Amino acid sequence: MRKLYFVLSVDTEEEWDWDGPFPDQVISVENVNHLPVFQKQLDDLGLKPSYFLDYAVLEKPRSRNILADLYQANPGIEFGSHLHPWVTPPIVPVRSEADSHIVNLPIDIVSEQLRRLTQTIQNLTGRQPTAFRSGRWGINDDILGALAAQGYLVDSSIYPFYENPWFSCADFDSWPMAWSHLGTSPELIELPVTAGFNHRPFARAQRMHKTLERPAWAQFHIIGALWALALHRKIYLSPELSSTRDMIALCKQMLQIECPVIHMYLHSSSLLPGSTRYVRSDYDKNRLMRRIESVVRFLRRECDVEAVTITDGALKLREDGALKRKAMQLANFQTFDLGRSSESLLVYRDR
Ligand SMILES: [Zn+2]
């Protein structure tokens, strides 16, 4: 049976209505109370989750204590860093969606936020965190350089086949890779979440998807029609976004291209029904868990699955010689002159 690594990562962060403003004033992290039960369920499934912690959950004493206990009680899990710039000191005021993406912020601010977040996690666990994911996805060379300089080994900020006005991951797939162009030693490894389509080749499916998204075509709602007919579906391996059937369809494609790792992700806030658009009720929350279980069961039927944390998985993939080597290809689709130096943007609001 072929070998397959399975990574489950959890963005562990404050609750917020993703359709509303960024929660930089009233911050609730009640969802963290639900992590111990969730961890027990994952442990029963034999999984080794990686929790990407943001500053908000580390700052509040109650959630910090829960996380400290969780880490002590579960030596197999990993705590990585998740940078939400609107809650991490030195805090920048988020005046627009552009500000919420760290790729748009001056690198000296991002570096300092990363340093503070890293130190706070290290204070909690006694260990340097080695895996990183940006808030709301997106990465660039400067941030990768800061990660390497601050002792990180793995990034997971690429959101494959996705683009927005501020960054593009449209030409990236889910295959793990080494950022060889940075020249760092060791090379920083990218281990993206699993994403793709229900048909291959993915590059062709993505070209078609991008064409149909253009305004000239979008008016005909072809993507929606093809989705309804299950002829063309872009699928992300998250139990929040995707049904069991779609996730298994994606996994089948990934196994056919012999991708050596499957990486599922979700947000901790989905553990508190009503705090994200994905989980409105206890029924939805139970469904979330059933979806995780079903995908893991499917993979175990097909492969010899080894559940790993993200850093452990990335290092094993390197050892196995399974990493692609890639130079940075992130394109800025719009050039933003934000018109700000770090001095004008910086507002120290340490709490
Ligand atoms: Zn986040």
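This is a predicted model: local features need pLDDT of at least 70, side-chain atom pairs count only at pLDDT 80 or more; totals for chains, interfaces and linings use all residues.

Author: Residues are numbered from 1 along each chain as its sequence is written, and side-chain values use heavy atoms, with hydrogens and water left out.

Reader: What makes a space a pocket, and what does a volume stand for?

Author: On a 1 Å grid over the protein atoms alone, a pocket is an open set of points with protein on both sides within 12 Å along at least five of seven lines, whereas a cavity is a set of points where a 1.4 Å probe fits but cannot get out; lining residues have an atom within 4 Å of a point. Points are joined across faces, edges and corners, and the volume is the space filled by probe spheres set on them.

Reader: Which elements supply at least two residues each to the lining of the second largest pocket, and how do its residues divide?

Author: The elements are β3 (78-83), α4 (107-125) and α11 (310-319), where helices are DSSP runs of H or I with at least four residues and strands are runs of E with at least two, numbered from the N terminus. The lining divides into 6 nonpolar, 7 polar and 4 charged residues; Ala, Val, Leu, Ile, Met, Phe, Trp, Tyr, Cys and Pro count as nonpolar, Asp, Glu, Lys and Arg as charged, and the others, Gly among them, as polar.

Reader: What is the volume of the largest pocket, and which residues lie nearest its centre?

Author: The largest pocket contains about 710 Å³ of space, and among its 32 lining residues W137, Y159, Y162, R277 and Y278 lie nearest the centre. The elements giving two or more residues to this lining are α6 (202-213), β9 (234-236) and β10 (261-267), and the largest share, 4 residues, comes from α6.

Reader: Why is W137 called buried?

Author: W137 has 11% relative accessibility and therefore counts as buried, since buried means under 20% relative accessible area, exposed over 50% and partly exposed in between, with a 1.4 Å probe and protein chains only. W137 lies in the loop between β4 (131-134) and α5 (141-149), and its phi is near 65°, a positive value in a residue other than glycine.

Reader: What makes such a phi worth noting?

Author: Most residues other than glycine have a negative phi, and most peptide bonds are trans. F161 also has a positive phi, of about 60°, and the peptide bond from P89 to P90 is cis, with omega near -5°.

Reader: How do you know which atoms coordinate the zinc ion, and what does the pair E13 and H82 tie together?

Author: Donors are N, O and S atoms within 2.8 Å of the metal (3.2 Å for Na, K and Ca), and water is not among the atoms, so sites may look incomplete. E13 (OE), H82 (NE2) and H84 (NE2) coordinate the zinc ion at 2.1 Å, and therefore meet that limit. E13 lies in the loop between β1 (3-12) and α1 (35-44) and H82 in strand β3, so the pair ties together parts that are 69 residues apart in sequence. Both E13 and H82 are buried.
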